[in-house]
Amino acid sequence: MKILVSDPLSNVGIEIFKNTPGIEVDVKTDLTPSELEDIIGDYHALSIRSKTKVTKELLSKAKNLKVVGRAGIGLDNVDIPAATKAGVAVMNTPFGNAITTAEHTIAMIMALSRNIPRATATMKDGKWEKKNLKGREIYQKTLGLVGIGNIGSLVAERALGLKMKVIGFDPYQPPESIKKMGIRPVSFDEILAESDYISIHTPKTAETTNLFNKETLFKMKKGAMLINCARGGIVNEDDLHDALKANHLGGGALDVFVTEPPGKICLMDLDNFICTSHLGASTYEAQDNVARDVANQIVEYLKTGKAPNIVNQ
Ligand code: MLT
């Protein structure tokens, strides 16, 4: 059986493929879409991250393909209905980078609250600013979580440890299980009205696209801060710009964008906006975890026709 690794994968995963009898692995991470289409017919499994686009066209050339494995959570780059139609299993690794992403969220909350990016930039510019960079404590502040799945619940645990009050909205979780996590279950409108910080932890779906728009952003508490380390497009970037520019919101932090990389979008001109280049899952630990998970799952699927975290069977 032949496996193609078409996006960078930590060595931990490559070694699992190499050490499995009966498996041959090729690592080709710089292919153009048409180069990939030319060779995909030779492979039984494809290991990807977010760069490779698994389109209908690619799948139509993938005559031997049985499984696509995503090292990570998001499957925005895979045409899942087309894969299902082609009889190709699609799997992700939903747990390996959850801690890392939760930690990034906390880092964003801290960086916004204490002006760390601006302090760094002004000092590197030879200045010693104090008055303009006065921060705020997060102690006893209310964090509103939109989405309380794997990552949202880990953010809650950490925020509670920092003595924040945590409220949460998740229509897919029973209020009782939300309460057991130390989170007060509330409606979406209550999250907007009560939170000093809102952090988003939902997938991008028709329901969540533009969930944070002109109307909802201006319903947030004056001075509140918004953090999105989930998916680009859940927050409308132009509307966030307007809410920050009007100083209705105290700060905004995005790790994810509608288009990645986003280029020079209007948000970049604002002092109360900070950003990272989709680094939520980028730690050595998380990349080893997701590589190990995806490699084990692909091998298991090729050997037995079954594996965890298949999203289309
Ligand atoms: C994920 O979906 O796993 C994260 O957003 C990180 C990534 O895209 O690799």
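Analyst: Axes here are lines fitted to C-alpha atoms, for helices over the stretch in contact, and angles run from 0 to 180 degrees between N-to-C directions. Helices (H or I, at least four residues) and strands (E, at least two) are DSSP runs, numbered from the N terminus. The model is predicted: local features need pLDDT of at least 70, side-chain atom pairs count only at pLDDT 80 or more, and totals for chains, interfaces and linings use all residues. Residues are numbered from 1 along each chain as its sequence is written, and side-chain values use heavy atoms, with hydrogens and water left out.

User: Why is helix 5 called oblique to helix 7?

Analyst: Helix 5 (residues 98–113) and helix 7 (residues 150–161) pack at about 50 degrees, with axes 8 Å apart. Angles under 35 degrees count as roughly parallel, over 145 as roughly antiparallel, 65 to 115 as roughly perpendicular, and the rest as oblique. The angle therefore makes helix 5 oblique to helix 7.

User: Which residues make the contact of helix 5 with helix 7?

Analyst: Contact means heavy atoms within 4.5 Å. From helix 5 come Ala98, Ile99, Thr101, Ala102, Glu103, Thr105 and Ile106; they meet Asn150, Ile151, Leu154, Val155, Arg158 and Ala159 of helix 7. By class, that contact has eight nonpolar, three polar and two charged residues. Ala, Val, Leu, Ile, Met, Phe, Trp, Tyr, Cys and Pro count as nonpolar, Asp, Glu, Lys and Arg as charged, and the others, Gly among them, as polar.

User: Why are helix 1 and helix 12 called roughly parallel?

Analyst: The axes of helix 1 (residues 11–18) and helix 12 cross at roughly 25 degrees and come within 7 Å. Helix 1 and helix 12 are therefore roughly parallel to each other. In helix 1, Val12, Gly13, Ile16 and Phe17 take part; the helix 12 side has Asp288, Ala291, Arg292, Ala295, Asn296, Ile298 and Val299. This contact of helix 1 with helix 12 divides into seven nonpolar, two polar and two charged residues.

User: What makes strand 2 and strand 5 edge strands?

Analyst: The open sheet has five strands in the order 2-1-3-4-5, with parallel pairing. Two strands pair if DSSP finds at least two bridges between them. Strand 2 (24–27) and strand 5 (89–91) each have a single partner strand, so one side of each is left without a neighbour in the sheet. Neighbouring strands of this sheet are turned by 15 degrees against each other on average, direction ignored.

User: How do you know that strand 1 and strand 3 pair?

Analyst: Three bridges join strand 1 (residues 2–5) to strand 3 (residues 45–48), and the two run parallel. Ile3 has Ala45 of strand 3 as its bridge partner. Helix 12 (residues 284–304) lies across strand 1, strand 3, strand 4 (67–70) and strand 5, at about 165 degrees to strand 4.

User: How is the protein divided into domains, and what separates their centres?

Analyst: Domain 1 covers 2–96 + 283–304, and domain 2 covers 98–275. These bounds come from an automatic or database domain assignment. The centres, taken over C-alpha atoms, are separated by 32 Å. Nine residues from domain 1 and five residues from domain 2 take part in the contact.
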